[in-house]
Amino acid sequence: MVPTTIPTPAAAAPAASSVQVGPATAQPASSALPPPPSQVQWPPANATIVANMVTRSFGELVAVSGVSFAVQPGVSALLGPNGAGKSTMLRMLSGQIAPTSGEIWVAGGNPRTDQAARGRIGLVPQQDGVFDREMSLAVVKLAAVLSDLDEPEARARWALNLVEMDPDLNRPVGTFSKGMRQRVKIAQALVHDPLVFMMDEPLNGLDPRQRKQMVELFQHLGSIGKTVLISSHVLDEVERFGSHVIVMAKGRLAAQGDFHAIRRLMDNQPLRVRIEATQIQIVGAELIRSGAVLGCTITSHNQANVTTSDIVRFRRVVAKICQQHNSRLSELAPLDDDLESVFRYLTGASQ
Amino acid sequence: MSKFQGLFKLFSRHQMTTGRLVLIGGFAFVLLSAALAINRSPEDLDRSRSALDFLEGMGLGLAVPIIALVLASSTLGDLVEDETLVYLWHRPSPRWMIALSAWLSSTAVTVPATVIPLGLSALLASGGSVRVAVAVAAASTLAAVAYCGLFTLAGVMVRKPLVWGLLYVFIWETLLTALFGGLGRLSIRSYAAALSNRLAGVGPLQGLHSVPASIIACLLIGLGCVGLTTWRLNKMDIA
């Protein structure tokens with residue numbers, strides 16, 4: 001593997017932190033956090049992807065505005081609703097389009113202009129087409145040839161086998177199903193064993209078994225020191241990739257970090273909790289009467305979902321109410337400690 | 001297989017669609033049919049002059065630019081259209097290699113697709129003059145070199161390069177150069193026609209470009225367009 005050093009961008013950079021959270025209308029994203037320790041370096045020394053105050057406009061439309069983040073080895077997810085700017089961001093990170101302003105460093109260089117840096121990136125673009133008149137082996141072999149690999153055919157066969165494609169399949173790619181084309185796209189990104197993977201919706205078109213296999217592959221790549229940046233809108237899949245997320249909304253960075261940690265920082269946001277108890281109607285009514293919850297929805301004969309802005313008081317009150325009414329409390333489960341909740345909160349302003 | 005070979009093979013295969021082969025065959029059929037008609041015309045006709053006049057209009061003025069347009073504009077243009085250019089662009093290969101291999105592959109397909117029917121037509125229409133046939137074949141080769149460069153560039157410069165290419169062929173190369181004589185010196189067709197007339201030795205030759213000037217101009221247009229295609233590949237947004 002080619003050793004990689006990331007030059008420190010000269011311009012101002014956001015403060016480093018394991019978690020950055022900010023509203024979608026403000027930059028830098030660390031405004032909701034206490035100032036970071038001054039000794040923390042930004043970008044991190046082992047960062048393989050660095051975006052520094054990156055902006056991209058298309059005429060009057062500002063698609064990405066002043067976004068800064070750094071990505072370290074492992075699996076990270078780039079999230080955002082439609083129109084959030086994540087595809088534009090990914091295209092800038094892979095060099096396909098130039099930022100209007102700001103700096104991008106990936107795998108030791110600017111992928112737009114640095115040929116060697118591009119050689120250290122494996123890209124799975126969003127579009128479906130992959131030289132439709134070629135066989136899958138020819139497509140991946142050409143990728144190997146253009147990456148200066150020795151024994152390109154052997155490498156192409158290896159990459160196709162890795163995504164469970166038969167290298168000797170004697171059909172042009174244009175006749176493949178979407179899932180098969182997707183796997184060819186992933187194989188051409190893998191063939192040169194790059195340092196950094198950028199994948200735009202890589203699981204599209206795959207069946208559940210293939211999705212599971214790909215998720216395991218991405219996790220494996222992350223575990224051996226590769227940087228895997230995946231843009232996806234399927235949150236339950238992203239949750240399986242790992243917990244590091246970069247959330248974009250309205251063209252700005254909404255948050256970056258471990259999504260569990262991001263959720264914990266949202267103390268001012270109401271939490272949803274599922275209660276499982278006998279006599280659930282009485283318990284729900286008493287909780288409302290006590291003021292410990294903002295709302296209560298009875299979902300079954302023994303379950304209710306409540307919303308509370310004071311989780312400590314809620315826990316104390318619910319126990320007391322259950323005791324007073326001889327209700328047997330069997331479960332209190334937070335409903336918001338998942339990626340979807342984090343995503344809904346962070347991007348809520350843009351919906 | 002080298003990078004250049006890989007790109008060349010991809011571009012060459014990509015151009016060979018059924019529709020394009022039908023177009024090439026159609027032009028060949030029309031040219032050979034018309035040449036046969038000239039061949040069967042009255043004895044007192046200057047066959048060499050007639051052959052050159054006919055092939056300058058139908059061959060160098062229409063068949064070569066249209067076939068070059070259809071083939072060359074697709075080499076990179078189709079990849080821009082279906083967004084597959086990124087698979088070549090994103091690899092650690094120099095941009096000039098993509099531009100050069102696209103130009104050479106379209107030229108390599110266009111030259112036999114035009115030289116063979118034009119050469120045979122010249123031979124037939126001129127009543128068996130090898131000199132006229134060689135002159136027309138050389139001129140169509142040179143024109144293909146220049147047109148392929150121009151239309152390869154069009155594939156990455158504009159959307160709908162076929163439409164723009166047709167406008168260029170009919171408005172610039174045909175209409176404006178016919179209406180304004182001075183503009184004729186700025187058309188690829190004028191260099192190719194000058195070469196065919198001079199090599200065939202069929203007059204009048206006054207005012208025509210010289211053979212070296214024609215060759216150099218067409219090569220410069222082809223290579224210049226490769227340079228501009230390289231520049232465009234460096235600057236353009238991909239997919």
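This is a predicted model: local features need pLDDT of at least 70, side-chain atom pairs count only at pLDDT 80 or more; totals for chains, interfaces and linings use all residues.

Student: What angle and what axis distance describe the packing of helix H5 (residues 95-125) and helix H6 (residues 130-157) of chain B?

Tutor: Here is the general idea: two packed helices are described by the angle between their axes and the distance between the axes. In this structure, H5(B) and H6(B) pack at about 150 degrees, and their axes are 8 Å apart. Angles over 145 degrees count as roughly antiparallel. H5(B) and H6(B) are therefore roughly antiparallel.

Student: Which residues meet where H5(B) packs on H6(B)?

Tutor: On the H5(B) side, they include Ala102(B), Ser106(B), Thr110(B), Thr114(B) and Leu118(B). On the H6(B) side, they include Val132(B), Val136(B), Ser140(B), Ala144(B) and Cys148(B).

Student: What angle and axis distance go with H3(B) and H6(B)?

Tutor: H3(B) and H6(B) pack at about 30 degrees, with axes 7 Å apart. That makes H3(B) roughly parallel to H6(B). The crossing of H3(B) and H6(B) is right-handed. By class, the contact of H3(B) with H6(B) has 21 nonpolar residues, nine polar ones and no charged ones.

Student: How many residues of H6(B) are buried?

Tutor: H6(B) is mostly covered, with 24 of its 28 residues buried. There is also a length check. At 1.5 Å a residue, H6(B) should span 40 Å, and its end C-alpha atoms are 40 Å apart, which agrees.

Student: What does the length check give for helix H8 (residues 188-200) of chain B?

Tutor: The 13 residues of H8(B) should span 18 Å at 1.5 Å a residue. The end C-alpha atoms of H8(B) are 18 Å apart, so the values agree.

Student: Why is H8(B) described as largely enclosed by the rest of the structure?

Tutor: Because 11 of the 13 residues of H8(B) are buried. Among them are Ile188(B), Arg189(B), Tyr191(B), Leu195(B) and Asn197(B). The buried residues of H8(B) pack against helix H3 (47-81), H6, helix H7 (161-179) and helix H9 (211-235) of chain B. After H8(B) comes Gly201(B), with a positive phi near 70 degrees.

Student: Which residues other than glycine have a positive phi?

Tutor: Take two in chain A. Phi of Glu151(A) is near 45 degrees. Glu151(A) sits in the loop between helix H3 (136-146) and helix H4 (152-162) of chain A. Phi of Asn326(A) is near 50 degrees. Asn326(A) lies in the loop between helix H10 (311-324) and strand E14 (329-334) of chain A.

Student: Are Glu151(A) and Asn326(A) buried or exposed?

Tutor: Count C-beta neighbours. Glu151(A) has 10 C-beta neighbours inside 10 Å, so Glu151(A) counts as exposed. Asn326(A) has 9 other C-beta atoms within 10 Å and is exposed.

Student: Is Arg112(A) buried or exposed?

Tutor: Arg112(A) has 20 C-beta neighbours inside 10 Å, so Arg112(A) counts as buried. Arg112(A) is in the loop between strand E5 (101-106) and helix H2 (115-118) of chain A. Leaving out residues up to four places away in sequence, Arg112(A) touches Gly95(A) and Ala98(A). For a strand case, take Gln256(A), found in strand E10 (residues 252-258) of chain A. Gln256(A) is buried, with 28 other C-beta atoms within 10 Å.

Student: How many helices and strands does chain A have?

Tutor: Chain A has 11 helices and 14 strands. Of its 351 residues, 48% count as buried.

Conventions: Residues are numbered from 1 along each chain as its sequence is written. Chains are lettered from A and ligands numbered from 1 in the order in which they are written. Axes are lines fitted to C-alpha atoms, for helices over the stretch in contact, and angles run from 0 to 180 degrees between N-to-C directions. Helices (H or I, at least four residues) and strands (E, at least two) are DSSP runs, numbered from the N terminus. Angles under 35 degrees count as roughly parallel, over 145 as roughly antiparallel, 65 to 115 as roughly perpendicular and the rest as oblique. Two residues are in contact if their C-beta atoms, placed from the backbone, lie within 7 Å. The expected span of a helix is 1.5 Å times one less than its number of residues. A residue is buried if 20 or more other C-beta atoms lie within 10 Å of its own, exposed if 12 or fewer, and partly exposed in between; C-beta atoms are placed from the backbone. A crossing is left-handed if the near helix is turned anticlockwise from the far one by less than a right angle, and right-handed if clockwise. Ala, Val, Leu, Ile, Met, Phe, Trp, Tyr, Cys and Pro count as nonpolar, Asp, Glu, Lys and Arg as charged, and the others, Gly among them, as polar.
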